[in-house]
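Visitor: I'm new here. Could you walk me through this one?

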Amino acid sequence: MKYILLLLTLFSVNAYSYSNFIGHGYTSCLNCHFNPFGGGPLNDYGRVVSATAISSTALTPKSWDEEKVAYMSGFLFRKPKQEWLRTQVNYRGFRVVRNPGSSENEEAKWINMQLDGRVILKFGENDKFISVLNYGYAPLPSETPKGTKSSEWRSREHYVGYRFTPKFGLYAGLMDKVFGIKVIEHIAFSRVSPQVTQNDQVHGVTAHYIGQDWELGAQGFVGNLSQDADLRMKGGSVMLEKTVFGIHRIGASVMSSQNEYLKLLSYSAHTRLNLKEGSSILAELGQTNKKTENGSDDTTARFGLLQTYLRPWRGLYFLANIEYFNRDIKQDDYTLRWGPGVQYFLSQRIELRADVYDTRSFATKSSTRDSWMYLLQTHLWF
Amino acid sequence: MKFIMMVILLLSSIPSFAEEKITLFVTLSPAGSFQAVSKKAKGNVIKENGVFTADKISVSIESFKTGIDLRDEHFWKHMQSSTNPKATLSNLKASGGKGTAQLEVNGKKNPVTIVYVEKGSEILAKLIVKASDFSLPKAEYLGVGVDNLVAIEVALQFKAR
């Protein structure tokens, strides 16, 4: 079961966001993303930040100053000539190797995980009205039965948004659920357990409010309308974050959703700590109660996440990742996943990343070998 | 054991020199913040009979670093460093945790009040200013703006007389 869960989550894409960039002083996603809760297309400011703060200058001609680097951060390698249209293309692929070094069980493959085309229409001062379409390729999980209707090409997100004031905005359409820290690890227990990972976007309405020291998101959703009606998870979520000591964030989320077979209640507390100079710590602890309508299951799972990002110099981030998962808190068995990683933004449009994961199960009545895996990831965006 | 004791003794005898620096706490809108830090303040703070004084403490605008090179350049340009390359705090007089001084930024001089704490041989002063009081225009870049209120922290060594 553990491996099925792992495989299901590996063969998918998500709307990536980089919550660790609080280490650069950005407490909110709104500065850099059209979606105030992060992920999806970057706005113009976000593209410039990615070029001038996040990425290394290894491939930058020496004759370019930072203004030139910022100018070249646009889609067509220049500042857009009009204000109302933005386009982006995004690709991710990785080589995943499971059980590396094992003569019997080593398994390696390259997976094209994401190829998105994004179109953003925006009007008004400070992008008051936006319309976002994110359409692309995402491979189906390998266990998907043959003959399944699902297409590998689909809308990742499509929504419209209107900011009534700079502090308050409403968004409607297909979006990620508002819950917890959107870490980039799509296999994170903190994303899988509450069902807020790569393929869990929902149609709904999202309200976003940002105050001086706090930020609130509330979302009502009716499930993903491309799914069969009985499978659609309907419900709502609320997330509140508060800025503490000027540069850090603490937050809490709660989400309730259900379809004809399943009822989920998730809640978590999280923090994002700014260690300055681009370094940060992310932590989340939460639970998900899962009830089946036929009464066959009523369990509460607990998940934890601790990530550190250390930035020795521009473009490079060293990661350490520790995750905890207990499928049923009435039982003592639990799983730990941990490992180091390195993320290198070679230039604005090229991210290279390597992660090692060791998954260890602690069970009272059985013992299993550690499961090792490494990923070499390439992310290109234009 | 003797060696360990010597190491502990040596380590404990190293004086803890505080770093002299000026930090500007800048709030962004819609959200976020950055700090502009300079470690190149020039001037002397004197403590005499419990009163801190300084004739002139100056700092080069272009010595401030914000963590992003492009933002450094924008910051210096916004502060008009080419025509007014220095910010100056003058006529500082402080006692009992409070004080007054004149702050000159962008060629405009305004009276400011400070609060401070004394830590060993260091004085840590704090003040809040309005950028508009120094004829600095509203700052915005690609939709991300800067708050008019800026908190300033000054950490300097003082000489006691």
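Guide: In chain B, 50% of the contacts with a separation of 6 or more come from residues 24 or more positions apart. This is a predicted model, where local features need pLDDT of at least 70, side-chain atom pairs count only at pLDDT 80 or more, and totals for chains, interfaces and linings use all residues. Residues are numbered from 1 along each chain as its sequence is written, while chains are lettered from A and ligands numbered from 1 in the order in which they are written.

Visitor: How do you know what the pLDDT of chain A is like?

Guide: pLDDT is the predictor's confidence in each residue, from 0 to 100. Chain A has a mean of 91, with 93% of its residues at 70 or more. Over residues 1–15 of chain A, though, pLDDT stays under 50.

Visitor: What makes up chain B in helices and strands?

Guide: Helices (H or I, at least four residues) and strands (E, at least two) are DSSP runs, numbered from the N terminus. Chain B has two helices and 10 strands.

Visitor: Why are S6(B) and S7(B) said to pair?

Guide: Two strands pair if DSSP finds at least two bridges between them. Strands S6 (residues 98–105) and S7 (residues 108–119) of chain B have eight, in the antiparallel sense, so they count as a pair. Leu103(B) has Asn110(B) in S7(B) as its bridge partner. In their hairpin, with two residues between the strands, Asn106(B) takes a positive phi near 55 degrees.

Notes
Two residues are in contact if their C-beta atoms, placed from the backbone, lie within 7 Å.
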